[in-house]
Amino acid sequence: MLRQVYLRMRNVQKNIYTVKEPILSQDQELQRSAAEHERLTKAMKNHILTWIRRHWAVLLFGLLIVYGAGHLIVYLADYGRWVRTSRELSSMYSTEAPAQTPAPSRAVLMETMIQEDPEELAADLWETPVETTLPEHLPEVRYATEEISSRFQSLQSANPYVIGWLNMEGLLDQPVVQTSDDFYLTHDFYGRKNDNGTLLLDALVSMKTRPYSLVIYGHNMKSGAMFGCLRNYENRDFLARNPFLSFDSLYESARYVVLSVSRVSLNTMDPDYLDFYMLQSDLTRERRRCLSILEENAVQRTGVDVREDDQLLLLVTCLDDPDNRRVLVARRVREGEDETALRALCSGHTAE
């Protein structure tokens with residue numbers, strides 16, 4: 001009996017060795033395969049690194065091309081969307097042209113001041129000619145009507161922040177919005193992401209009454225979109241041919257004649273520094289100082305005169321230097337002025 005048990009155990013042991021040998025053989029094969037794969041992978045990595053070290057300049061150049069091509073595609077796509085949006089908005093806005101609201105004459109301004117404070121100004125009016133005297137503080141000028149123009153109703157339904165419309169005689173025909181943040185610097189009129197942005201009226205400009213200075217900001221796009229078109233005004237002949245622009249607010253429409261295109265600085269340490277905040281001041285002396293800075297830094301100017309009580313329209317865009325700004329300066333066409341005569345004046349006096 002014991003011998004039979006012993007023989008059976010020997011047979012089981014032989015069977016185990018018979019099965020184990022193929023398993024061990026497969027494990028060894030897998031180890032060899034893994035080692036070969038690791039060797040080939042390492043060799044491939046070394047080959048790639050060697051190629052990169054030898055051709056890094058070509059690789060970098062290729063990456064820059066791909067990166068630039070990607071940006072160019074996005075830029076062109078934004079421009080295309082901007083063109084389509086501009087046409088759509090122009091079609092929405094371009095109805096029968098409203099009558100232009102003339103700027104009040106100096107006599108009208110003085111009459112307003114008499115009504116507001118007759119005792120303070122009565123003596124001065126008798127002693128000094130009205131046409132040559134301005135008060136220290138300019139008076140508020142009320143709109144002829146506070147009813148919003150029907151031309152803006154459809155625009156307001158699309159964007160409640162719309163405050164006006166700027167037209168630059170074939171160069172630009174765009175809505176202007178006013179907000180307390182910079183959202184529309186990178187978004188179009190409908191709030192869609194677009195690097196061309198939307199024209200922005202300075203948040204400090206109050207439109208409750210007719211402001212003495214309208215400061216509008218726009219991007220200096222290389223495509224010429226938005227305020228990229230302002231560079232044209234640094235050309236003497238172009239300025240002579242295109243001295244007028246229009247700005248319609250919610251309450252009135254007006255024509256403006258260009259005074260100059262200037263380059264100023266935002267750096268307080270720069271001699272060309274201009275404080276745009278002071279352009280909102282009603283102080284005659286501050287407005288005179290700002291006008292003097294703009295004239296001194298003019299790249300091109302016309303022969304059109306300007307007074308401290310004129311309503312100014314300033315279109316502002318950036319330059320290559322982050323501290324510098326290009327500014328197109330225009331004043332409102334006064335009551336009784338002849339645009340033909342103003343155009344002739346601009347043609348004869350534009351100079352560097």
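A cavity, on a 1 Å grid over the protein atoms alone, is a set of points where a 1.4 Å probe fits but cannot get out, and its lining residues have an atom within 4 Å of a point. Keep that in mind.

This is a predicted model, where local features need pLDDT of at least 70, side-chain atom pairs count only at pLDDT 80 or more, and totals for chains, interfaces and linings use all residues. Residues are numbered from 1 along each chain as its sequence is written, and side-chain values use heavy atoms, without hydrogens and water.

Cavities, then. There are three of 30 Å³ or more; volume here is the space filled by probe spheres set on the points, with grid points joined across faces, edges and corners. What lines the second largest cavity? W82, T85, S86, L89, Q174, P175, D188, F189, G197 and T198 do. Two elements give two or more residues to this lining: α1 (2-93) and β2 (173-177). Helices (H or I, at least four residues) and strands (E, at least two) are DSSP runs, numbered from the N terminus. α1 gives the most, four residues.

Now strand β4, residues 213-217. Four of its five residues are buried, so β4 is largely enclosed by the rest of the structure. Buried means under 20% relative accessible area (1.4 Å probe, protein chains only).

Who are its neighbours? Strands pair if DSSP finds at least two bridges between them. β3 (residues 199-201) pairs with β4 in the antiparallel sense, over two bridges. β8 (residues 312-318) runs parallel to β4, joined by five bridges. Look at Y217 in β4: this residue is the bridge partner of L200, and Y217 also stands opposite V316 in β8.

Methods:
Buried < 20%, exposed > 50% of the residue type's maximum accessible area, 1.4 Å probe, protein only. 1 Å grid on protein atoms, 1.4 Å probe; cavity = no way out; pocket = protein on both sides within 12 Å on 5 of 7 lines; lining within 4 Å.
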